[in-house]
Amino acid sequence: MLELVTASAHSGAQLKTRWGENMADDVVESVKPNTDETLEGLSSDCDNSHLSSGENEEAVKTFKDLGVTEVLCEACDQLGWKSPTKIQIEAVPVALQGRDVIGLAETGSGKTGAFALPILQSLLASPQRLHTLILTPTRELAFQISEQFEALGSSIGIKCAVIVGGIDMMSQSLVLAKKPHIVIATPGRLIDHMENTKGFSLRALKFLVMDEADRILNMDFETEFTLLFCFSLAALKDPVMCAVSTKYSTVDKLQQYYVFIPSKYKDCYLVSILNELAGNSFIIFCSTCNNAQRVALLLRNLGITAIPLHGQMSQNKRLGSLNKFKSKSRSVLLATDVASRGLDIPHVDCVINYDIPTHSKDYIHRVGRTARAGRSGKSITFVTQYDVELFQRIESLIGKKLPAYPTQEDEVMMLVERVSEAQRFARLVSHHMTSHMDNRVVCLWLRSHRKSKSLMFGCSHYLF
Ligand SMILES: Nc1ncnc2c1ncn2[C@@H]1O[C@H](COP(=O)(O)OP(=O)(O)OP(=O)(O)O)[C@@H](O)[C@H]1O
């Protein structure tokens, strides 16, 4: 699940968060009025006065019915959004009235649109630079939200800035100096700019969004309601709770399975399932960066187009991996929980929990990377002899017993020798990579140690 909090109509001085400082403390310069002609030209089109909250789902069929202005309705149409989702029906009219909103809905249910549309409409009504701040827990999510704002706001000349770690501060300062309408940031880098970038001020901010609020605040509450209620005490004014999911739930179109296997045969089962479901697109979750890297190498050794995504990679490499997976040039993404929240890659057919998540809540976020926006999808969770208790906790959190995924043990065991060979290669390559050996040297080394042609498949791809 993902929560959103839109704190609308707050002045910068009121914006206080638990993770950081008072955002208005570092005010150096006030924000100049917007001169963006496109936004101003369109602003008269915007009239929310007729809106009332509490319109129910049955009565509302279109974005227009929610009070969304014509130009944004057209943008939704261009994105292929024929009608609003449940959370959009609940949250958009309330946010358009200028109320603070706490949103709660299933994964892949369109929460980004639910806060993006009211923000864009507010910008149309009163154009202003540095109008909105969106905080996200991961860098990838920040880029994704920016893409969605730019897609919805393309015809109105919206300017977004993504301010995340792993990217040069100076170039970000230049982007901030141009005073974008919307800043999408991860907390650490935002604080850096607030402390060190002259002239950067959030005083005039009209909207604050905390996407994945529990993760940003780094708090593990029993339910997300409690978390957001606590946050509302600190910063929100009489917020409206828009909940279209009242507990930790997974979507109906997701088929969830587990497979009970001995720990030492995890790789064999993985390869067997990937072979069986060949042609699909997978995200495989591992609990550590090392494991994600090692399994990616192992699969590459076996000719499977796998690519890693984890926090020990540079930001450029992380984005490169994600783009290759998104563009379908790689069919398997080996990821840590850095990819478990919010990432929206519609073509993901199957999520495999190679390592079971330690926090049950992460299970819901991970499997939510498939079966998004009404599509169907599959998830398979590996449960070893060490994971039984964690698995039971997951089942009790989601409130259902999962069926076993059918596997043929004898067929899996036929892979043991082949997989062991690939494991040895993966370990050796990992060792050379972690000892900072030049990539070209690794490739040369691999060539000289080549045992069979297929083991060397994709050698150049070691250079990620
Ligand atoms: N009204 C709509 N009709 C059709 N598709 C939509 C609609 N609104 C959003 N979408 C699409 O649904 C997908 C999921 O949306 P989004 O990423 O906002 O989900 P989410 O609820 O934030 O998920 P998560 O909890 O996993 O972060 C996106 O591809 C988005 O373009």
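**Reading helices and a buried loop residue**

Reader: Which residues of helix α2 (residues 70-78) are buried?

Author: The buried ones in α2 are V71, L72, C73, A75 and C76. Buried means under 20% relative accessible area, with a 1.4 Å probe and protein chains only. Helices here are DSSP runs of H or I with at least four residues, and strands are runs of E with at least two, numbered from the N terminus. After α2 comes G80, whose phi is positive, near 85 degrees.

This is a predicted model, in which local features need pLDDT of at least 70 and side-chain atom pairs count only at pLDDT 80 or more, whereas totals for chains, interfaces and linings use all residues. Residues are numbered from 1 along each chain, and side-chain values use heavy atoms, without hydrogens and water.

Reader: How do the axes of α3 and α4 cross?

Author: Two packed helices are described by the angle between their axes and the distance between the axes. The axes of α3 (residues 86-96) and α4 (residues 111-125) come within 9 Å and cross at roughly 25 degrees. That makes α3 roughly parallel to α4, a term for angles under 35 degrees.

Reader: Which residues of α3 and α4 meet?

Author: From α3, I87, Q88, A91, V92, A95 and L96 meet K111, G113, A114, P118 and Q121 of α4; contact means heavy atoms within 4.5 Å.

Reader: Where is A339 placed, and is A339 buried or exposed?

Author: A339 sits in the loop between β11 (332-335) and β12 (350-353). A339 is buried, its relative accessible area being 0%. Leaving aside residues up to four places away in sequence, A339 touches F285, L309 and R369.

Terms used. Axes fitted to C-alpha atoms, helices over the stretch in contact; angles between N-to-C directions. Parallel < 35°, antiparallel > 145°, perpendicular 65-115°, else oblique. Buried < 20%, exposed > 50% of the residue type's maximum accessible area, 1.4 Å probe, protein only.
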